[in-house]
Amino acid sequence: MINVDLIISIVVFLLGILLYYGSTTLPAGFSPGVPGPDFFPRVIAFCLIVLAILLFIRWLRKKEIYLEKGFFKTKAFKNLLFIILFTTIYVVAWIYEAGAFLINSFIYFSIIIYLFGEKRIFQIISISAGFSIFTFYFFTRILHILLE
Amino acid sequence: MGTVLSGFSSIFSFQVLSSLGIGVLLGVFVGALPGLTACMAVALLIPITFWLPPSAGLAMLIGVYNSAIFAGGISAILINTPGTPASIASTFDGYKLVKKGFVALAVWINTFYSVLGGVFGAIMLVIAAFPIAKFALKFGPAEYSALALFGLSMMISVSGKSVVKGLIAGFLGLAITTIGLDPTYAVPRFSFGSPYLLAKISFLPIMIGLFGIGEILDQVITPLMKSNVEEINGKKQKGFLNLKEIWQTKIAVLYACIVSVFIGAIPGTGGDIAGIVSWDHCRRFSKQGKEYGKGSVEALAVTCASNNASLGGAMTTMLSLGIPGDAPTAILIGALMMYGYIPGPMLFRDHTDMVAVIVALMFVAYLFIAIVGFLGTKVFSRLLKFPRPWINLAVFCFSLVGAYALNNSALDIMVCLIAGIVGFIFRRTGFPLGPVIIALILGPIAEENIIRALLLARGDAMVFLTRPISLILIIASLLSLFLVPILNKLMERKEKQKIL
């Protein structure tokens, strides 16, 4: 059993602390009675800290289960990780203009649709090719964006 | 009235009607794709409409604008991803209705009530343009702040079972809005020297990621059970509402339309705020309020009608004052000026015929939308019959395309992906998404206007209570936060006692 609420309450609490600390580096108000750039981040940080404590108390009272033990070892979760990994690689390649957009897109869509559950080779190739061409056409002809 | 009728007679030419038809079809395509917005579509068509006569050019622009808002509801309902920000509220009940198996019904409701709301907005444009515009002019920083706070109070309403989690989600959304240049003092906040963060993280990639990518990632873990479509699409499911059922929604829908026209008229607000406010109000006061958020027919009707009715308000402000009600109307002002017409009071005095043409185009656009929508109901509802991997890939592809197309920045795609992962985690751990979106939309409006109001009032916080509209909105926020839930609980207790 994974104590999701406990983990999230700790993460939110830390985020609140970080946000509050970050707001102390911002200037205070410039006119009397008027909040400065630091005001809203501080209010939000304070609220996040309070809410994190309330979530922690809620977790103490009723420990709800969201993720079963062994969730991270399931095939579905591994597929999820691969989808995120390949999408990240695709986007990074896009940012750094590595390779050709059309070929990158075709490879990426083929992998993704396979991970989504499509196992038929012909469908994988044809649909990936179709989406790649659509994406390329849309960017270059409709939005007039230069792509490799 | 005679002027409006003359407008109708002016637009019945092949060129104008075909331009309108092309605009409507393009708008359906753009609106249904997550990430491609009505604003983008209108902007892309400006160079084309430059070569057309004014009536035909405006017909194409109004057609794409109105139908994009309608079509945004289709993807919101079918794949839980709003096609346009205006359709965010349609995800609250539309997708749940589809998950119950009522696909054709949900699509029909989107078409019918979108047309109803749009026509209502157009009628309000005809009969109440100046009063609505005068009301919109009264909105200063204090009123905008109060409206934003009123909207933010709805984070609690859309939180569902866990208010604490809903508020955490909402405040995390507010935290994201603080990244970038401070709106009043232009002080960099939490940008870490990055030009991308300094320009603020765009709302649209986050919305696409949370709803689109996040939903698909969730379905990788828990595949959506295929709805028993054959059984439901047989004789049992009629796929539309009969007159009696439509009549039952009259009060909620009428209220939503009226509120939405006024919200749409306020510059800087649009169908997204109108839809959420209408949904929340009707949830509190309707007898069927308990069903809202669970696939309620009335709730979906309210949201579809409201985000289209707000267009009438936006057009009212645009035509009568020359102030854009939302981003697409800002572009429409440019188009009008391109043709030599200056929106504002003088337009009504000197070019009444053009105003009549625009009004007539709005009515006929909704006629076209009704034809496309009702004819396309079967097509739209059958989209879900495609194999799930294909639908998932399509959503992924369009989400990435949409995220990039906004600013031509690949970093927006990365933001979209991160938001998708967060959306997946939220779904798995019981955190609602509605509060995040509300916070992203209203947070900047609240912060900027609160500080501006205080600056103008030289630090006197009483400005929020001494201005009537602001005071009313603050009281309404407090009432909806505290009084309405208490009254609802008292009513529940009375009913339980009656049963016992």
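Predicted model: local features only at pLDDT ≥ 70, side-chain atom pairs only at ≥ 80, totals over all residues.

Trainee: How many helices and strands in chain B?
Mentor: 24 helices and 2 strands. Both are DSSP runs numbered from the N terminus: helices are H or I with at least four residues, strands are E with at least two.

Trainee: How compact is chain B?
Mentor: As compact as a globular protein of that length, because its radius of gyration is 22 Å, close to the 23 Å that the globule rule gives for 500 residues. The radius is taken over C-alpha atoms, and the rule is 2.2 Å times the number of residues to the power 0.38.

Trainee: What does chain B span along its principal axes?
Mentor: About 65 × 65 × 55 Å for the C-alpha trace.

Trainee: What share of chain B is buried?
Mentor: 58% of its 500 residues. Buried takes 20 or more other C-beta atoms within 10 Å of a residue's own, exposed 12 or fewer, partly exposed in between, with C-beta atoms placed from the backbone.

Trainee: What's the phi of B:Ala186?
Mentor: Near 55°, a positive value in a residue other than glycine. Most residues other than glycine have a negative phi. B:Ala186 is in the loop between β1 (180-181) and β2 (188-189) of chain B.

Trainee: Is B:Ala186 buried or exposed, and why?
Mentor: Exposed, because 8 other C-beta atoms lie within 10 Å.

Trainee: And where is B:Arg458?
Mentor: In the loop between α22 (434-456) and α23 (463-466) of chain B. B:Arg458 is exposed, with 11 other C-beta atoms within 10 Å.

Trainee: Switching topic. How many residues does each chain put into the contact?
Mentor: 48 from chain A and 40 from chain B. Contact means C-beta atoms, placed from the backbone, within 7 Å.

Trainee: Which helix gives the largest share on the chain A side?
Mentor: α3(A), with 11 residues. By class, that side has 37 nonpolar, 9 polar and 2 charged residues. Nonpolar is Ala, Val, Leu, Ile, Met, Phe, Trp, Tyr, Cys and Pro; charged is Asp, Glu, Lys and Arg; the others, Gly among them, are polar.

Trainee: How is chain A divided?
Mentor: Into domain 1 (4-61) and domain 2 (74-142), with bounds from an automatic or database domain assignment. Their C-alpha centres lie 39 Å apart.

Conventions: Residues numbered from 1 in each chain as written. Chains lettered and ligands numbered in written order. Contact = placed C-beta atoms within 7 Å.
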